[in-house]
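Colleague: I'm new to this one. Can you walk me through it?
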Amino acid sequence: MTTDQLSYYHLKVFLAVYRHKSAGAASAELGVTNSAISRSLKYLREVFSDQLFIRTANGYIPTEKATTISPRIEKIVSEYRQLFKGQSHFDPENFEGVFEIRAYDEFSYAVQDVIDNVIRKKAPKIRFKVRILTYNCVPELINGDVDFAVVYEGFDDKRLNFECFAHTDDIYLLLRSGHPLRQLETITTDDIAKYPLLEIDNYQDLSCPLLVDLCSEDGKVMQVKAYTESVASAARILETSDAVTVMCNQFTRQFADMMPGLSYIKIPPHILHRIINKRCEVRPIGNYVVYGNANLSDAFRWVKDELISGLSLAWDKAKSRPESTD
């Protein structure tokens, strides 16, 4: 193979392998098979007269030459993309890539519903791996091993991109049906502090639970009954105790409406504004799709836009439901 035969596609393969250090991840990004990646690497090695990537147990390690030429290849690919910007011929119906998504438990069903009923209807060959986010996935988002995370505003890293699909306007107390707080016309932190808190504790959420913090500011002590990352576990605990939890998620409210033993109270404005002020320390309170810069393909952008649009519509639908009453 000669330099005259070197194509834009081969350069994209080089960059994908360089970023991911994995043929599998590179093939998922580009929507091709592993064998296609292997053939392209063979061509690249012939053209540059270098091994370029050395295969190890921990993935592909770039050689000195690969490290040297990668900025130039990045520039060429970037300029090529600019040349054809707006001229994309991406075909969702025939794309066969794989996308990794991490989502807080409260978002997991909504994400899967958007995949099944929105994205796959337009792109039936795309595959998704959706897992509950319970760990620090920032490095994986940055290097492209994870494509998207669906999180709250407290999730933060300046190397990532955040797009809000829904702002949070209403916040509720989730509790059991018939809970004593349901009998009050309005509630204060004095009332809330009488009952233990069940904290739905997503990764990288606030270090001090919001209600505990607010009660402390008002001179009250609110006990914490338990922490959980699982909405299902939270529901079971709330149904059988006087514990309460903060609920900012319309998808969770939708779930609560399906549970006869659960109810909720809209938090009054004087407490709501204090919660919002605390939650907005990082970015406006809301719900975000987060992604890195490793994958710049048209397929990636298309999936991102479909995911954000689908979640936004699903949120609006959940929000439009009438509030439950005991």
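This is a predicted model: local features need pLDDT of at least 70, side-chain atom pairs count only at pLDDT 80 or more; totals for chains, interfaces and linings use all residues.

Colleague: How much space lies in the second largest cavity?

Modeller: About 40 Å³.

Colleague: Which residues line the second largest cavity?

Modeller: Lys-12, Leu-15, Arg-19, Glu-29, Leu-30, Arg-81 and Ser-297. By class, that lining has two nonpolar residues, one polar and four charged.

Colleague: Which helices supply at least two residues each of that lining?

Modeller: Helix 1 (8-20) and helix 2 (23-30). Helix 1 gives the largest share, with three residues.

Colleague: On to sheets. What is the order of the five strands in the open sheet?

Modeller: The order is 4-3-5-12-6, and the pairing is mixed.

Colleague: Why is one side of strand 4 and of strand 6 left without a neighbour?

Modeller: Strand 4 (127-132) and strand 6 (161-167) stand at the edges of the sheet, and each has a single partner strand, so one side of each has no neighbour there. As for the twist, it averages 20 degrees from one strand to the next.

Colleague: How many bridges join strand 6 to strand 12?

Modeller: Six, and the two strands run antiparallel. Strand 12 covers residues 286-291. Take Cys-164 as an example: its bridge partner in strand 12 is Tyr-288.

Colleague: What holds paired strands together, in general?

Modeller: Strands of a sheet pair through backbone hydrogen bonds, in a parallel or antiparallel way.

Colleague: Which strands does helix 5 lie across?

Modeller: Helix 5 (residues 105-122) lies across strand 3 (98-103), strand 4, strand 5 (148-152), strand 6 and strand 12. Helix 5 runs at about 170 degrees to strand 4.

Colleague: And helix 12, what does that lie across?

Modeller: Strand 3, strand 4, strand 5, strand 6 and strand 12. Helix 12 spans residues 298-319 and runs at about 25 degrees to strand 6.

Colleague: How many bridges join strand 7 to strand 11?

Modeller: Five. Strand 7 (residues 172-176) and strand 11 run antiparallel. Tyr-172 stands opposite Lys-266 in strand 11.

Colleague: Last topic, helix packing. At what angle do helix 8 and helix 11 pack?

Modeller: About 115 degrees. Their axes are 11 Å apart. Helix 8 covers residues 210-217, and helix 11 covers residues 269-279.

Colleague: Is that crossing left-handed or right-handed?

Modeller: The crossing of helix 8 and helix 11 is right-handed.

Colleague: Which residues meet there?

Modeller: From helix 8, Leu-210, Asp-213, Leu-214 and Glu-217. They meet Ile-271, Arg-274, Ile-275, Lys-278 and Arg-279 in helix 11. That contact has four nonpolar residues, no polar ones and five charged.

Key:
Residues are numbered from 1 along each chain as its sequence is written. Side-chain values use heavy atoms; hydrogens and water are left out. Axes are lines fitted to C-alpha atoms, for helices over the stretch in contact, and angles run from 0 to 180 degrees between N-to-C directions. Helices (H or I, at least four residues) and strands (E, at least two) are DSSP runs, numbered from the N terminus. A crossing is left-handed if the near helix is turned anticlockwise from the far one by less than a right angle, and right-handed if clockwise. Contact means heavy atoms within 4.5 Å. Ala, Val, Leu, Ile, Met, Phe, Trp, Tyr, Cys and Pro count as nonpolar, Asp, Glu, Lys and Arg as charged, and the others, Gly among them, as polar. On a 1 Å grid over the protein atoms alone, a cavity is a set of points where a 1.4 Å probe fits but cannot get out, and a pocket is an open set with protein on both sides within 12 Å along at least five of seven lines; lining residues have an atom within 4 Å of a point. Grid points are joined across faces, edges and corners, and a volume is the space filled by probe spheres set on the points. Two strands pair if DSSP finds at least two bridges between them.
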